[in-house]
Amino acid sequence: MKEELKEWYSPNLNKDIKTLVFGHGGYPILLFPTSMGSYFENKDFKLIDAVQGFVDDGKIKIYCPDGIDKLSWYNKGIHPADRVKNHIWYDKFLLEELVPLAKHETGHHKVITAGCSFGGYHAANFAFRHPWVVSHLFSMSGAFDISGQLDGFYNDDAYFNNPVDFLPNDINPELWHLKIVLGTSDRDMCKADNERLSGILHQKGSTIGWISGKMPTTTGLPGDRCFQNTWRSYKN
């Protein structure tokens, strides 16, 4: 399996950023790390191994970007407003730098977003904010409400980066073209978050896939098994 570490200076983040890339071609997947995780986390957690066959066959190419949660949502040393602003810079990095790179390298005009736990938040938030560049959302044991990271603070920036708040009122027609899979399990600590998001999507008339298992998840259902099952659900 081809593996490449890409690193460049991000003008949006004003810092060097790393992305670990797997594969030689195929549909591009942005696979986010969990809370405060790094670009190598999904490899270490065996999520890449779980779909190696698809990667080797050239069906998918996976981009694992570094996270900046320590500078944004989990940075208790700065004001909550600045935590949100730092995340918005990350969102711009994804939209203006990583997505164009993935589209250019693969020849596809849209990407898939995916992630476990807080990576599921990143996958969902980006997909719902920018549905014109995302075709599929795969969330595994995702958490989607970031209000708990803001110490009671809330403003418009927070609203537009909190899917459970902005999504019910969002009427962008591209949202109804998104193909969405939510993965959870009976012991998933984020199961209620997934049921809440599922309810919002059903109210909007969106069609979603639902994967539920009777086992612990990433916090819960093992991430590699969940990612493998999620990708198979898309292929089927």
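The questions and answers below take up aromatic pairs, a helix, a strand and salt bridges in turn.

Me: How many aromatic pairs does a search of the whole structure find?
Reply: Please keep in mind that this is a predicted model, so every value here is computed rather than taken from an experiment. When the whole structure is searched, the number of aromatic pairs comes to seven.

Me: Which parts does the pair of W73 and Y121 tie together, and how many residues apart in sequence are they?
Reply: The rings of W73 and Y121 form an edge-to-face pair, with 6.0 Å from centre to centre and 85° between the planes. Since W73 lies in the loop between β4 (60–65) and α4 (80–106), while Y121 belongs to helix α5 (residues 118–129), the pair ties together parts whose separation in sequence is 48 residues.

Me: How far apart are the end C-alpha atoms of helix α8, and what span should its residues give?
Reply: Helix α8 covers residues 191–203, which is 13 residues, and at 1.5 Å a residue they should span 18 Å. This agrees with the model, where the distance between the end C-alpha atoms of α8 is 18 Å.

Me: Within what arc do the buried residues of α8 fall, seen down its axis?
Reply: The buried residues in α8 are N194, L197, S198, I200 and L201. An α-helix has 3.6 residues a turn, so residues three or four places apart point the same way. On the face turned away from the buried side, α8 carries the exposed residues A192, H202 and Q203. The buried residues line one face of the helix, because seen down the axis they fall within an arc of 160°.

Me: In β7, which residue is the bridge partner of S139?
Reply: Strand β7 (residues 179–185) has six of its seven residues buried, so it is largely enclosed by the rest of the structure. It runs parallel to strand β6 (residues 134–140), and five bridges join the two. Among the bridge partners, the one in β7 that belongs to S139 is L182.

Me: Which residues do salt bridges that share partners join into one network?
Reply: K6 forms a salt bridge with E4, their closest N and O atoms being 3.3 Å apart, and K6 also forms one with E105, at 2.8 Å. Another salt bridge joins K76 and D151 at 3.3 Å, N to O. Salt bridges that share partners make one network, which consists of E4, K6, K61 and E105.

Note on methods. Residues are numbered from 1 along each chain as its sequence is written. This is a predicted model: local features need pLDDT of at least 70, side-chain atom pairs count only at pLDDT 80 or more; totals for chains, interfaces and linings use all residues. Side-chain values use heavy atoms; hydrogens and water are left out. Rings of Phe, Tyr and Trp (its six-membered ring) pair if their centres lie within 6.5 Å; planes under 30 degrees apart count as stacked, over 60 as edge-to-face and the rest as tilted. Helices (H or I, at least four residues) and strands (E, at least two) are DSSP runs, numbered from the N terminus. The expected span of a helix is 1.5 Å times one less than its number of residues. Buried means under 20% relative accessible area, exposed over 50%, partly exposed in between (1.4 Å probe, protein chains only). The arc is that of the directions from the helix axis to the C-beta atoms. Two strands pair if DSSP finds at least two bridges between them. A salt bridge is a side-chain nitrogen of Lys or Arg within 4 Å of a carboxyl oxygen of Asp or Glu.
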